[in-house]
Amino acid sequence: MPQEPDTETPLDAYSRIVTAVAGDLTPHVAALQVTGPGGRGGAGSAVVFTGDGLLLTNAHVVAQARSGVAVFSDGTESAVDVVGADPLSDLAVVRARTATPEPAVLGDATTLRVGQLVVAVGNPLGLAGSVTAGVVSGLGRSLPTRDGRTARVVEDVIQTDAALNPGNSGGALADSSSRVVGINTAVAGWGLGLAVPINDTSRRIIGSLVADGRVRRAYLGLVSTPAPLPAPLAERTGRRRGLRIVDVVPGAPADRSGLKAGDLVLEAGRRPVADAQSLQRLLFAEAIGRPLPLTVHRRGAMVDVIAVPTELTGG
């Protein structure tokens, strides 16, 4: 009589991983409700990331709010105060006034690869443990957004096919080891699974929010995506990738410098640019108002431009 093979099918393995990640992370993800000026409220999710009650969420979730309430999957809740928000990265930090669950483990999004399994865990509207799974479908993307009349570009986002709804904004995007590699951002009108990566740049942003309540950021106004260099250019420069400009925010410093959609950025500040993070890490307080040389490849020619980043404001 033939024996049943004692092996785990790929679908079984997939289910086991997603179930394990959901079980690990759900206790660390809160439903967040905030109240802003004039009594206007906002809602999303937030992730505990320190043992002393700090939670990560999205800047667009907290908006102009100063306080709110976090409700955890076990039914416990805590009043929270907004520590600070950074609209360019779409990250915000809030602090719980009372005890929270243990922190989630933060990972490193630079280890992600396209096609890798990721799990999105949120707590929308108090529906504890909202879980979706998918794969990484793009890395290093830029996301143009608009807040009233002010155009913004959220840099260096992770794109996944894990479905998100607005209540998942601020929740965790995790790898198969339950490490948080991104903070989900469900931006209205896009219908995409997007997340702000946890990497050296975002850790610096989070540190500034905790220490100072804000991040002084230099702003160019580019929408970009990583792109391979044409073979002759790669051979000539010894580099494989650059940053393709998809769009330029009208009137922004990049627009005033003469940068155009279709340009392939090779250098910024005389340093190689291979992804959004390599440009983003140059755009902190010290870059505001200072000339930033950029070298781009445009229609077969190398073009040098000088952009003068402005300070990103919350307006």
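Arg204 lies over the face of Phe284, 3.9 Å from the ring centre; a charge sits over a ring if NZ of Lys or CZ of Arg is within 6 Å of the ring centre and within 35 degrees of the ring normal. This is a predicted model, in which local features need pLDDT of at least 70 and side-chain atom pairs count only at pLDDT 80 or more, while totals for chains, interfaces and linings use all residues. Residues are numbered from 1 along each chain as its sequence is written, and side-chain values use heavy atoms, leaving out hydrogens and water.

**Ring of Phe284**
- Arg217 also lies over the face of Phe284, at 4.9 Å from the ring centre.

**Helix α1**
- Helix α1 covers residues 10-25, and its end C-alpha atoms are 23 Å apart, in agreement with the 22 Å that its 16 residues should span at 1.5 Å a residue; the expected span is 1.5 Å times one less than the number of residues.
- Ala13, Val18, Val21, Ala22 and Leu25 are the buried residues of α1 (buried: under 20% relative accessible area; exposed: over 50%; partly exposed: in between; 1.4 Å probe, protein chains only).
- They cover an arc of only 160° around the axis, which puts them on the same side of α1; the arc is that of the directions from the helix axis to the C-beta atoms.

**Thr98**
- At 46% relative accessibility, Thr98 counts as partly exposed.
- Leaving aside neighbours within four places in sequence, Thr98 is in contact (heavy atoms within 4.5 Å) with Glu77 and Ser78.
- The C-alpha atoms of Thr98 and Gly262 are separated by 50 Å, the two residues being 164 residues apart along the chain.

Conventions: Helices (H or I, at least four residues) and strands (E, at least two) are DSSP runs, numbered from the N terminus.
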